[in-house]
Amino acid sequence: MGSRASSLLREEDIEEIKKETGFSHSQITRLYSRFHSLDKGENGALSREDFQRIPELAINPLGDRIINAFFPEGEDQANFRGFMRTLAHFRPVEDNEKNKDLTSGEPLNSRTNKLLFAFRLYDLDRDDKISRDELLQVLRMMVGVNISDEQLGSIADRTIQEADTNGDMCISFSEFIKVLEKVDVEQKMSIRFLH
Amino acid sequence: MESYLFPFDSLICMLLGISFTVWFTLLLVFIIVPAIFGVSFGIRRLYMKSLIKLFEVSLLVIDRCFVKHFDQIIEKNWFKMSLEQEIQDMRRGGAEPEFDMSDIFYFCRRGVESIVDDEVTKRFTAEELESWNLLTRSNYNFHHISTRLTALWGVGVLIRYGFLLPLRVTLAFTGVGLLVVLTSIVGLFPNGRMKNYLSDKVHLMCYRICVRALTAIITYHDSENKPKNGGICVANHTSPIDVIILASDGCYAMVGQVHGGLMGVIQRAMVKACPHIWFERSEVKDRHLVAKRLSDHVADKSKLPILIFPEGTCINNTSVMMFKKGSFEIGCTVYPVAIKYDPRFGDAFWNSSKFGMVNYLLHMMSSWAIVCSVWYLPPMSRMEGEDAVQFANRVKAAIARKGGLADLLWDGGLKRGKVKEVFKEEQQKLYSKVLVGSSEDGSSS
């Protein structure tokens, strides 16, 4: 993973990313090294192919959905700011106490934002609702060919029934939050970044 | 005016003549003759000790001025629970096989972890060092730290490019040239014990000169386990130099594709002296043909042990990747060998997507030295009820353990190719089991 890339990252950029995401200086340079080593085309941005080159991600059933989360709507390139912003969702919540100079407003790694990240994995057309179809498609990605359509359909129906409170046969973000209120999201959607 | 230049001219010629003679005499006495007889003056080890002292000095300077960041980026849970355990751990309670919307968190987190740090892609680039060894190519984060260090680096450049590189290039040409010429001469002898004896001596001598051409300082361990005739020697692969390192300590039959150009000339010459196994490009695809030629060679006890690198590609010497099962199906004794390079003196890994062969050799010859350890492991054979893949994995684990390398199941072919769909399908299958429990219904497409 060696690269001379850290010299391409300016101090002002590092400071801005620090404020926006809450990562420390050394974490940002370390992640920039990683970004640079993934960027085979050396054009300062990652494409979907760059992500798919990671074998452990390629065999992840939801690999494509996760890769998609790094790309803003309609774009094919992920620059370093966007990369860091997405990774920031996975910072542990405890780390926020150590880093006081975040911009005001909700930090990217709050419980709500972590849940929003997961919600968007389900919400394929980004219309802020998880329809039965979308849920079926994501379930199909996770199980492959091992479960029949009927059984998968009934799993989806059951899930929507449990979650849907306003009867529109879709799961909105607030319904999503309610369903997962007992889950320790902060721990399950966090990665321990070392300094 | 011109008359003044004549004596000057002849003086220069004389000086040049003398220096060349001195140069070549020194070369002959200190390097070539010992190589022929397989002895060593110990000059290289002395050099290595002084380099270590030099690196310690540079480490002190760096320590004072700079904080290093070479730990992992994220804390990985080495005790990895299985997919089922993790998901059940995560659910809101109740062990009923059912879907839960929080299941997605597991895949999500694993996916992002692999984006930040994965086990495979980092094996195909050179290993990062903890401190700088005064080579520009391994300088990642140490920009101008102190004038003293930069001065040291400058002196290093002068020594390496001005003195060591020409010396090594001369030796390399000598070694290769002698190999081609002498093997062709040995090829003229009739087949028999005399020819085999001469061929062994010639090969060893030329490889030893090449070893000195790289200033390779090699420590061989457990030489009582050295490969014998009728066996296959397998080793982990880091660079083309592996061949030179092993072949300067023992005689092997090489396996490889027929090349054109200089390599082709060398190959044709070598095969005159003793039987190596060279395949045409088209033959490589035919696995049965390959297996047959290998087994025929192995069955003939008068032929040398075969040297094979089952990973199939160069890995950066921090891990051992999947061994291709072809060589383990032949059914003869396997002699595993572990090779570990010390990256402080020069990184031997060949990143073939970044550097061509010539560039790579230049890098090698302008490093400080190539320092490595070779361990000959005890011979292994396939056990009852063990198939080729299991045998290959057993050998791989032994090599990884001895060399202090990570033992990975991933295929080295991932350097260039995509991962097979079947691995994703395995993950999907595991998750489906969690959803429908141990009941049989539902597992249809």
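This is a predicted model: local features need pLDDT of at least 70, side-chain atom pairs count only at pLDDT 80 or more; totals for chains, interfaces and linings use all residues.
For chain A, an unreviewed UniProt entry lists "domain: EF-hand" at residues 26–61, 110–145 and 151–186. Residues 26–61 of chain A are 61% helix and 6% strand, with end C-alpha atoms 32 Å apart, while residues 110–145 of chain A are 67% helix and 6% strand, with end C-alpha atoms 36 Å apart. For chain B, the annotation "transmembrane region", again from an unreviewed UniProt entry, covers residues 20–43, 145–163, 169–189 and 360–377. Residues 169–189 of chain B are 90% helix and 0% strand, and their end C-alpha atoms lie 31 Å apart; residues 360–377 of chain B, by contrast, are 33% helix and 39% strand, with an end-to-end C-alpha distance of 29 Å.

Where the chains meet, 59 residues of chain B are in contact with 64 residues of chain A. The area buried between chain B and chain A is about 5,700 Å², of which 66% is on carbon and sulfur atoms. Of the area that chain B buries against chain A, B:M101, B:F105 and B:I115 supply 14%, more than any other three residues. The polar side of this interface comprises 11 residue pairs in polar contact and one salt bridge, in which the side chains of A:R34 and B:D118 meet at 2.8 Å, N to O. Helix 3 (83–90), helix 4 (103–116) and helix 13 (421–436) of chain B each supply at least two residues of the side that touches chain A, and the largest share, 12 residues, comes from helix 4 of chain B. By class, that side of chain B has 23 nonpolar, 18 polar and 18 charged residues.

Over all chains, the count comes to 26 salt bridges. In one of them, A:D76 pairs with A:R48, the closest N and O atoms being 3.3 Å apart. Because A:D76 lies in the loop between helix 5 (63–69) and strand 2 (78–79) of chain A and A:R48 lies in helix 3 (residues 48–52) of chain A, the pair ties together parts that are 28 residues apart in sequence. A:D76 is exposed at 54% relative accessibility, and A:R48 is partly exposed at 26%.

In chain B, the side chains of B:K396 and B:D407 form a salt bridge at 2.8 Å, N to O. B:K396 belongs to helix 12 (residues 388–403) and B:D407 to strand 9 (residues 406–407) of chain B, so this pair ties together parts that are 11 residues apart in sequence. B:K396 is buried at 1% relative accessibility, whereas B:D407 is partly exposed at 39%.

How values were computed
Residues are numbered from 1 along each chain as its sequence is written. Chains are lettered from A and ligands numbered from 1 in the order in which they are written. Side-chain values use heavy atoms; hydrogens and water are left out. UniProt positions are given in the numbering used here, feature names are shortened, and annotations may be inferred rather than shown by experiment. Helices (H or I, at least four residues) and strands (E, at least two) are DSSP runs, numbered from the N terminus. Contact means heavy atoms within 4.5 Å. Buried area is the accessible area (1.4 Å probe) that two parts lose on being put together, summed over both. A salt bridge is a side-chain nitrogen of Lys or Arg within 4 Å of a carboxyl oxygen of Asp or Glu. A polar contact is a pair of N or O atoms within 3.5 Å; within protein, one must be able to donate a hydrogen and the other to accept it, and residues adjacent in sequence count only if both atoms are side-chain atoms. Ala, Val, Leu, Ile, Met, Phe, Trp, Tyr, Cys and Pro count as nonpolar, Asp, Glu, Lys and Arg as charged, and the others, Gly among them, as polar. Buried means under 20% relative accessible area, exposed over 50%, partly exposed in between (1.4 Å probe, protein chains only).
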